[in-house]
Amino acid sequence: MNKVDIVIAGVGGQGNLLASRVLAWAAANAGWEIRTSEAIGMAQREGMVSSHVRMGKNLRGAIIPDHEADIVIGLELAETVRAMPKLRPGGLVLCSTTSIVPVAVTLGETTYDTACLKSYLEQCGERVVFVDATALARQAGNERAANTVMLGALSRFEDLLPFSGSELRDALMTIIRPQFKDVNSRAFELGQQAVEN
Amino acid sequence: MAKKILMGNEAIAYGAVEGGVQVVTGYPGTPSSEILGTLAKLAPQKGFYVEWSINEKVALEVGVGAALAGARTMVTMKQVGLNVAADPLMSLAYVGVKGGLVLAVADDPGPHSSQNEQDTRLFGRLAKVPVLDPATPAEAREMAREAFEISERLQLPVILRPTTRTCHACQDMEIEAITYTSRKPEGFVKGPQWVILPSLAAKKHPWLNQQQEKARRIFEESAFNRVDPVSDGTTGRRAIIAGGVSYNYVREALDLLGIDLPVLKIGTPYPLPKRLIKDFLAGVEEVLVVEEQEPVIEDQIIVMLHRYSAPVTVRGKGDGLVPREGEFNVNKVADSIARFLDVPPPAANTVSLPDLPRRGPVLCAGCPHRASFYVFKEAVQGMDAVFTGDIGCYTLGIAAPLEAVDTALCMGASIGMAAGLHQVEPGRKHVAFLGDSTFFHMGVPGLINAVYNGADITVVVLDNHTTAMTGHQPHPGTGRRATGDVAEVVNIAELARACGVKLVREVDPLVPTAAIRAAREALEYPGPAVVVMRRACVALRKNKFRYRVKAAECSECNACLLTLGCPAIEERDGKPYISDKCTGCGFCSRICPSKAIERVPS
């Protein structure tokens, strides 16, 4: 393993940035160089956001080229599909089944076909793991911890990562604010278990 | 030494501290805002001065004052902010500085969060001010540190111009406990050289031109420009020159293509290190220049080679090989390089995706701007009205179902444009919408102009007590300064009255009946009128309540869904449903014709 490229796709407000910081911190602690590219600004208002996290040696830019991402973490169903052109053949997709339906759908300006998006992922021929992250986060005590559920799920794939699952958890606990530690600790564990089962 | 992960903007702030910065000013603007935000956090312990200024022109002027007193000064802004600061900048180059003055101006190719894709490197050339263009956050830090030194050697301001992919990229770097040492500024020493009369400008212009050559000589030796030879050390017929972040894409694209070519990385695009480039191109027949935005490096190279009569073909934007618009990435650059070398581009395994929902950014759940737009749409019913918009979160009022923004141009333009429209079509109602920070930034002159010239317009100040879009920076209406200490509050309504506006109303947009009454009064008043819509940004509020639809009482008229466009209101089984995103503003409950929305503890 000499580089790992991860795309985190979602909707503004889902905690994309935190997930990206946690991954970067875990990789840096494991002695890897890191680059991340984040979506800050207008897109944070319910728009499409995607963070790129690159870990490796002699890294250059922060943007992952098309078909090069080893892992796509989707915090939202449609945004996971939108990120698929980034995935390398044989890569891993962790997809939260959460749907955030844009206001424009209610107004009849665009459509959101959950079944079609899900079946696309099921049939795309890549390794796709679905996680009901929002439900698990709610179970952990706060829906907003769905990003952490996804990190927990990711921690099960140690063979694809430059750090162990417990190192990822440690990075999360270092970065998260003290008052949210309990909820996030539970969310991380529920994410881990979701993949186990 | 400790390893830290720094965002490019934080790295620039650290570099500035390491460079001994003493005074920092700026106005927020994506992607530049975190530079000053970081410095404001470091200022109290290190003991330097930081302020959010009301606009970029004032920020630069404050910075110039500090630099003339001998202090090392940084002024931060985004690319369009430099237009506002252009007046002081253009003459400052003639006057020169004593303490190092660094303008950190962030460009936004794409654009991701801007009105245009203007290229600050060209501005540097226009103003005759040297420009540094970092490729990575780590290099941005080094450049920030060194820029003060360069500025003092040249007695010129220096522009540090990162782009979004440096500002908002993070990189691991080693940070020592930041050493901060600053010299005691000499103080302002009176002399005729600080008064830019035409006679002085005429005298200083040859000096300024000489400084360009001096800057060029400094850059010839700079580590920010460097040659990557090919691994076997040979020189070929072809080579690449890359500027700023494009250098990263070039390196990766060459790896992707499995090709090795000599690459010259340029970190100082103006003035260009000509000798370095001439040496690099010795024996080269064709060179590809890869840079985002304008052909700044490319055009300078073409002129230079023509002057030397050097037989090198320059390829790039001029012959359509490299895009002139948009942000680059590895794939775009690989395509340009493949065409340059006449080899097939990297195989694109095309992925055909199913239909995806369009998802644009929208006003947050509970945003008071949504209520303000709703109120004015109600108030203008039966009138022919134009809503001129401005720069801020509220530009998102353009989205359906509000569709309450008919124009947007630049900071403060809503007022001037409304007045101009009024002169041509006096029969219509012209309503200007702008935020509180934007009002202070550049709205006030427009308002005075409207009063002076008797423009019958309505100005709506969307006062959410913060500069929300760029990350909630304080401003003169908030009573807080950049470093958090208490400041005098400049009251917007009083300011409007002092400007001569005779009808000024302050209302809470979340109370629709009173707000609509105030809006109608303002619209009907003959002459300029101001309505200040006062309600804090949702991001600043703690929500104690949320709202829910009482299913039994809901008539399914869907007014809440179809007129507000609040992201917390969804359609479930054909009925409106209020989700966990609700922040408890309660506006939907006040406009529900069936009174079927109730407040519950969150």
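In the predicted model, the axes of helix 5 (residues 133–140) and helix 6 (residues 146–154) of chain A come within 8 Å and cross at roughly 105°. Because angles of 65 to 115 degrees count as roughly perpendicular, helix 5 of chain A is described as roughly perpendicular to helix 6 of chain A. On the side of helix 5 of chain A, the contact is made by A:Ala133, A:Thr134, A:Leu136 and A:Ala137; helix 6 of chain A contributes A:Ala146, A:Val149 and A:Met150. Six of the residues in this helix–helix contact are nonpolar and one is polar, with no charged residue among them.

The interface of chain B and chain A was examined next. In this interface, 51 residues of chain B are in contact with 51 residues of chain A. The two chains bury about 4,600 Å² between them, and 59% of this area lies on carbon and sulfur atoms. Four salt bridges are found across the interface. B:Lys581 forms a salt bridge with A:Glu46, in which the closest N and O atoms are 3.1 Å apart. Polar contacts across the interface of chain B and chain A involve 18 residue pairs, with both residues at pLDDT 80 or more.

On the side of chain B that touches chain A, two or more residues are given by each of strand 1 (2–7), strand 8 (169–175), helix 10 (246–257), helix 13 (330–341) and helix 19 (559–564) of chain B. Helix 10 of chain B provides the largest share, six residues. By residue class, this side of chain B divides into 27 nonpolar, twelve polar and twelve charged residues.

Conventions: Residues numbered from 1 in each chain as written. Chains lettered and ligands numbered in written order. Predicted model: local features only at pLDDT ≥ 70, side-chain atom pairs only at ≥ 80, totals over all residues. Heavy atoms only, no water. Axes fitted to C-alpha atoms, helices over the stretch in contact; angles between N-to-C directions. Helix = DSSP H or I, 4+ residues; strand = E, 2+ residues; numbered from the N terminus. Parallel < 35°, antiparallel > 145°, perpendicular 65-115°, else oblique. Contact = heavy atoms within 4.5 Å. Nonpolar A, V, L, I, M, F, W, Y, C, P; charged D, E, K, R; others polar. Buried area = accessible area lost by both parts, 1.4 Å probe. Salt bridge = Lys/Arg side-chain N within 4 Å of Asp/Glu carboxyl O. Polar contact = N/O pair within 3.5 Å; in protein donor to acceptor, adjacent residues only side chain to side chain.
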